[in-house]
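Please look over the structure below.

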Amino acid sequence: MGVDPFQVREKDGAPYKRYQALFDVDRWLPALTPVTFPTVLVPLTLGHARMLVAWYMARVRGQAGEANAAVDTEQLTQLAGSLDEAVNSVGGGAFVRLSTRSPKDAVQVTPFFPSIF
């Protein structure tokens, strides 16, 4: 994709999203597989994503109500099983990510973290 990164801005909508997609793990993983940790991608459906947001809103943010009703425990259990299977396929220990963010990013917003490093 011939995109000039200095010309693409977040407000540009679709072009910006296409540009960001160039950096998604599924784009670079094949080239880096020989030099990185074993990686397994577990696809999430839109239903999974909505359910995880609902679970977060109900359990973490304490906003039960509709959010609590949207948590499908059977679907959550199936997703947990898929993640367990993926972790076991790489030896039983893994770092699970649900976004492009990394734990190192939390240092910027969590004052406690710098004190332990």
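Predicted model: local features only at pLDDT ≥ 70, side-chain atom pairs only at ≥ 80, totals over all residues.

Residues are numbered from 1 along each chain as its sequence is written, and side-chain values use heavy atoms, with hydrogens and water left out.

**Whole chain**

The protein chain has 6 helices and 0 strands. Helices are DSSP runs of H or I with at least four residues, strands are runs of E with at least two, and both are numbered from the N terminus. The order from the N terminus is α-α-α-α-α-α. Of the 117 residues, 12% are buried. Buried means under 20% relative accessible area, exposed over 50%, and partly exposed in between (1.4 Å probe, protein chains only). Among contacts with a separation of 6 or more, 33% join residues 24 or more positions apart. A contact means heavy atoms within 4.5 Å. The chain exposes about 9,300 Å², and carbon and sulfur atoms supply 58% of that area. Accessible areas come from the Shrake-Rupley method with a 1.4 Å probe; for residues, only the protein chains shown count as cover.

**Helix H5**

H5 covers residues 73-89, 17 residues in total. From first C-alpha to last it reaches 24 Å, close to the 24 Å expected at 1.5 Å a residue. The expected span is 1.5 Å times one less than the number of residues. Its buried residues are Leu 79, Ala 86 and Val 87. Seen down the axis of H5, they fall within an arc of 100 degrees, so they line one face of the helix. The arc is taken from the directions from the helix axis to the C-beta atoms. These buried residues pack against helix H3 (46-60). The face turned away from the buried side carries exposed residues, including Glu 74, Thr 77 and Glu 85. Just after H5, Gly 91 takes a positive phi of about 105 degrees.

Thr 73 belongs to H5. Thr 73 and Trp 55 are 18 residues apart in sequence and 9.5 Å apart in space, C-alpha to C-alpha.

**Surface**

Val 25, Trp 28, Leu 32, Val 35 and Leu 41 make a nonpolar surface patch of about 440 Å². Val 25 lies in helix H2 (residues 25-32).

Two residues compare as follows.

| Residue | State | Relative accessible area |
|---|---|---|
| Val 25 | partly exposed | 32% |
| Thr 73 | exposed | 53% |

How values were computed
Patch = residues over 30% accessible without salt bridge, like charges linked within 9 Å, V, L, I, M, F, W, Y side chains within 5 Å. Salt bridge = Lys/Arg side-chain N within 4 Å of Asp/Glu carboxyl O.
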